[in-house]
Amino acid sequence: MSDYVNELMAQVKAKNPAEPEFHQAVEEVAESLALVYDRHPEYRAAKILERIIEPERIITFRVPWVDEQGEVHINRGFRIEMNSAIGPYKGGLRFHPSVNQGILKFLAFEQVFKNSLTSLPMGGGKGGSDFDPKGKSDMKIMRFCQAFMQELFRHIGPNTDVPAGDIGVGGREIGFMFGMYKKLRNEFTGVLTGKGLNWGGSLIRPEATGYGAVYFAAEMLGSKNETLEGKTCLVSGSGNVAQFTTEKILELGGKVLTLSDSAGYIYDPEGINTEKLHFVMDLKNVRRGRIKEYVEKYPNATYTAVDPTMEYNPIWDHKADCAFPSATQNEINLKDAQNLRKNGVYVVSEGANMPTTPDGVRLFLEDGILYGPGKAANAGGVAVSGLEMSQNSQRLPWTREEVDKRLQMIMHNIHKTCVDNADRFGTPGNYVNGANIGGFLKVADAMIDQGVV
Ligand code: NDP
C-alpha cells in the first residue's frame, strides 16, 4: 500500500472510529486512486478524496411513533448527504436493525461513485433507520414511515435530495413516505423514486437493479465472446434485487440454483424456473414469508439454515459458473471466495453493495475472475431512478421498452468506462480500479470547477 493510502487511512480511522464498513469502502477507493494521483497530482493537491470522504451533511433524528396497540416506539433516523458536485443527493433508504451511521456512510460514499458512473446528474446520499420492518403489520409500517417522513421532509426535495428504496424499503414504504411528504409540503413532486406506476413511478424501476447486474455480467462475458445461455448461477437474497436478477438470468437462458434470506438458503438442483420464481415473489412480497417455505412447495429442493457466526456460507459452496450476491455487505468472505473458485465460478456480478470482503476481492482479481463490483454492477437501480426523475420533470412516462433500452445502454457504457479506465491506468481487466477511477474523475473535475465549497 502506498504511503498516501496509509496516511489517509490512519486519518480516516482516527476521525471516524467504529465505522469498519466505511473504512473498508474508503480504503478500496483510495488504493485505486493512488494510480491516478501519480499522473494527476492536481487532484491530490486539491484534496478531492479527503473532501469526498467528509459528508457534506449528516442529519440524525428521533423517530417516535405509536403502534396500533398504543405502545410508543423510538427509532433513530439518518440521512447522509455525501456529495452534490454533479447533482442533487440521490440514494436509497435502508430500514434494518443493523443500520447505523457507519454503514450509511459507507453506502453514501459508494453511491457518489456509482451515480457518477451512470453518467446521469446525480450526487450521492443514503439514509434509513434502525427500524425492523420484518413481520410487522401494514399499520405499523405506515405509522413508522409517516413518523420518519415528518422529520425527513424538511431536508429533501426534487432539486435537493431524492431518496429511493434499499433493504427493507420497497414500494409499500415509498408509498407511505410519499403520502406524508405530499401532505406536509402540499405539493406533488418527484421527491422519491421507486414510486407506484399510478403516481409518478417509472416502469422497470423495481426490476432495474437486478436486471442491470445481469446485463453487467452479460457484458463481462461478452468481452470473452460468451453469453449467459446455459450458465448455472448462484443468487443470494430473495428480495427486490435477487428476484429480478433471477428473472433476467432466466430470460437470457441461464439456470438459477439458489436463493436465500438472513436465516438460510434453498438449493434447487432442477433450477428455479419462472413458475417457481413467481411463487417466491408472492411468498416474499405479498405473504411476507421466509425462503424456507420454498422446500415445502418444491420438495426436490433443500433448505440449509445459515448462522452468521459460521466460518463460511454454504450457499457459495456449489458448482456453478456465475455468482450474483444480492443480499447484503460482506456476505462473501475469503473462504467463500475460495469455495466459489473451487467450484468453477468465474463470473461474479454484485447486485448488493460491497458484498465481498477485501481479501475475497483480492482473490477474485488475482485469479482473473470476471468480477463486477457493486458500484458498477448494481448501478442500474439508481440509473432508472434517474430516469424516473427525468420523467417526473417532463411529466411524461416512457414505455417499458424505452426504459429498458436506456438501462441496457447505461450498463453497456458503465462496463466500457470500467474497461477503458482499467486499461488507461495500467490494470487491464480490473473492474474495481476501472469503476473507482471512472466514477471519481467526473466528480473530481466538477469539484475543481466549483471551487472549495
Ligand atoms: P430487500 O430488503 O428487498 O431484500 C434483502 C434480502 O437480503 C432479503 O432476502 C434479506 O433477508 C437478505 N438480507 C438482508 N440483510 C441480510 C443479512 N444481514 N444477512 C443475510 N441476508 C440478508 O433489499 P434489496 O433487494 O433492495 O437489497 C439487497 C442488496 O442490494 C443490498 O445490499 C442493497 O444495498 C443493494 N442494492 C439495492 C438496490 C435497490 O434498488 N433496491 C440498488 C442497489 C443496491 P431477510 O428477509 O431475512 O432480511
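**Helix packing and burial in the predicted model**

Val 432 lies in helix α17, which covers residues 431-450. The structure is a predicted model. Val 432 counts as buried because its relative accessibility is 5%, and the cut-off for burial is under 20%. Beyond its neighbours within four places in sequence, Val 432 is in contact with Glu 28, Ser 32, Val 361, Leu 365, Tyr 371 and Pro 373. Val 432 and Gly 374 are 58 residues apart in sequence. Their C-alpha atoms are 9.2 Å apart in space.

Helix α13 comprises residues 358-366 and packs with helix α12, residues 334-342. The angle between the two is about 25°, and their axes are 7 Å apart. Angles under 35 degrees count as roughly parallel, so α12 and α13 are roughly parallel to each other. On the α12 side, the contact is made by Leu 334, Ala 337, Gln 338, Leu 340 and Arg 341. These meet Asp 359, Gly 360, Leu 363 and Phe 364 in α13. The residues of this contact divide into five nonpolar, two polar and two charged.

Helix α7 spans residues 171-185. Its 15 residues reach 21 Å from the first C-alpha to the last, close to the 21 Å expected at 1.5 Å a residue. The buried residues of α7 are Arg 172, Glu 173, Ile 174, Gly 175, Met 177, Phe 178, Met 180 and Tyr 181. Their cover includes β3 (89-95), α6 and β5 (161-164). Just after α7, Asn 186 takes a positive phi of about 55°.

Gln 150 lies in helix α6, residues 138-152. This residue is partly exposed, with a relative accessible area of 44%. Not counting residues up to four places away in sequence, Gln 150 touches Met 180 and Leu 184. The C-alpha atoms of Gln 150 and Met 177 are separated by 8.9 Å. Along the chain, these two residues are 27 residues apart.

Helix α8 runs over residues 205-222. At 1.5 Å a residue, its 18 residues should span 26 Å. The end C-alpha atoms are 25 Å apart, which agrees. A kink of about 30° is present in α8, centred on Tyr 211. The helix is mostly covered, with 14 of its 18 residues buried.

Technical notes:
Residues are numbered from 1 along each chain as its sequence is written. This is a predicted model: local features need pLDDT of at least 70, side-chain atom pairs count only at pLDDT 80 or more; totals for chains, interfaces and linings use all residues. Side-chain values use heavy atoms; hydrogens and water are left out. Helices (H or I, at least four residues) and strands (E, at least two) are DSSP runs, numbered from the N terminus. The expected span of a helix is 1.5 Å times one less than its number of residues. The bend at a residue is the angle between axes fitted to the seven residues ending there and the seven starting there. Buried means under 20% relative accessible area, exposed over 50%, partly exposed in between (1.4 Å probe, protein chains only). Axes are lines fitted to C-alpha atoms, for helices over the stretch in contact, and angles run from 0 to 180 degrees between N-to-C directions. Angles under 35 degrees count as roughly parallel, over 145 as roughly antiparallel, 65 to 115 as roughly perpendicular and the rest as oblique. Contact means heavy atoms within 4.5 Å. Ala, Val, Leu, Ile, Met, Phe, Trp, Tyr, Cys and Pro count as nonpolar, Asp, Glu, Lys and Arg as charged, and the others, Gly among them, as polar.
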